[in-house]
Amino acid sequence: MQIVSERHARDTRLCPTLPRRATAIIELPDGVLMTASANSRFSLPGGVSQRGELRSQALIRQIRDQTGLRINSMLYLFDHITQHNAHKVYLVIAQGQPRLQEGGSRLTLVTSPDADMDIHIESRAILRRYAKLRGEEGAKSEAVRAMLKLARYIAKVE
């Protein structure tokens, strides 16, 4: 019995080469912010952490680099593991106006995970989980709703 549980624990560990990605959900009044480089699908902003960098630190750096926004607050939501990335997903309150940072990059807002847009499959799945979380009852869902109220308040003050 002990051997089976050890084997199971070994099988559930993340592959050491799987990129560790910090992913942001930045909900603005008209939708969730999505980014894309030229000729690529839209995805949630964020990126892979550098060696020795926490994913929350990577998120702060990547959001600034990709959108010019400054992170005010963030709330860890969930891990989302795929065959290509190990996402840590955060709900982010950001200040400033999102703007393109690199030539050829694009920004858009999406109001639904099922929007008729060219959205990367991993981002679409994360948006679906987020939408489900927002509609649930419980401590995490209440924290999400409180963060969104704070985001609306900060937007009015700016």
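**Legends to close-up views of the predicted model**

**View 1. Glutamate 53 and its polar partners.** The side chains of glutamate 53 and arginine 61 form a polar contact at 2.7 Å (a pair of N or O atoms within 3.5 Å; within protein, one must be able to donate a hydrogen and the other to accept it, and residues adjacent in sequence count only if both atoms are side-chain atoms). The glutamate 53 side chain also reaches the backbone nitrogen of glutamine 50, at 2.8 Å. Glutamate 53 belongs to the loop between E4 and H2; helices (H or I, at least four residues) and strands (E, at least two) are DSSP runs, numbered from the N terminus. Glutamate 53 counts as buried because its relative accessibility is 19% (buried is under 20% relative accessible area, exposed over 50%, partly exposed in between, with a 1.4 Å probe and protein chains only). Not counting residues up to four places away in sequence, glutamate 53 touches Ala58 and Arg61, where contact means heavy atoms within 4.5 Å. The model is predicted, so local features need pLDDT of at least 70 and side-chain atom pairs count only at pLDDT 80 or more, whereas totals for chains, interfaces and linings use all residues. Residues are numbered from 1 along each chain as its sequence is written, and side-chain values use heavy atoms, with hydrogens and water left out.

**View 2. The chain as a whole.** The protein chain contains 4 helices and 7 strands, arranged along the sequence as α-β-β-β-β-α-β-β-β-α-α. Of its 158 residues, 39% are buried. Among contacts between residues at least 6 apart in sequence, 62% join residues at least 24 apart.

**View 3. Helix H2 and its packing.** H2 comprises 13 residues and spans 17 Å from its first C-alpha to its last, close to the 18 Å expected at 1.5 Å a residue (the expected span is 1.5 Å times one less than the number of residues). Its buried residues are Arg55, Ala58, Leu59, Arg61, Gln62, Ile63 and Thr67. These buried residues pack against E1, E3, strand E4 (46-48), strand E5 (70-81), E6 and E7. After H2 comes glycine 68, with a positive phi near 80 degrees.

**View 4. Threonine 67 in H2.** Threonine 67 is part of helix H2 (residues 55-67) and counts as buried because its relative accessibility is 0%. A polar atom of the threonine 67 side chain lies 3.2 Å from the backbone nitrogen of leucine 69. Apart from neighbours within four places in sequence, threonine 67 is in contact with Leu33, Thr35, Gln97, Pro98, Arg99, Gln101 and Leu107.

**View 5. Threonine 35 in E3.** Threonine 35 lies in strand E3 and, at 10% relative accessibility, counts as buried. Not counting residues up to four places away in sequence, threonine 35 touches Arg41, Phe42, Ser43, Pro45, Gln66, Thr67, Arg106 and Leu107.

**View 6. Glycine 47 in E4.** Strand E4 holds glycine 47, which counts as buried at 8% relative accessibility. Beyond its neighbours within four places in sequence, glycine 47 is in contact with Arg20, Arg21, Ala22 and Gln62. Glycine 47 and proline 19 are 28 residues apart in sequence, with their C-alpha atoms 9.3 Å apart in space.

**View 7. The largest pocket.** The largest pocket has a volume of about 430 Å³. Of the 23 residues lining this pocket, Arg21, Thr35, Ala36, Ser43 and Gln66 are the closest to its centre. Two or more lining residues come from each of strand E1 (20-25), strand E3 (31-36), H2, strand E7 (106-110) and helix H3 (121-135). H3 gives the largest share of the lining, 3 residues. By class, the lining has 4 nonpolar, 14 polar and 5 charged residues (Ala, Val, Leu, Ile, Met, Phe, Trp, Tyr, Cys and Pro count as nonpolar, Asp, Glu, Lys and Arg as charged, and the others, Gly among them, as polar). On a 1 Å grid over the protein atoms alone, a pocket is an open set of points where a 1.4 Å probe fits, with protein on both sides within 12 Å along at least five of seven lines; lining residues have an atom within 4 Å of a point. Grid points are joined across faces, edges and corners, and a volume is the space filled by probe spheres set on the points.

**View 8. The second largest pocket.** The second largest pocket has a volume of about 370 Å³. Among its 18 lining residues, the closest to the centre are Glu27, Leu28, Pro29, Ala151 and Ala155. H4 gives the most to this lining, with 5 residues. By class, the lining has 12 nonpolar, 2 polar and 4 charged residues.
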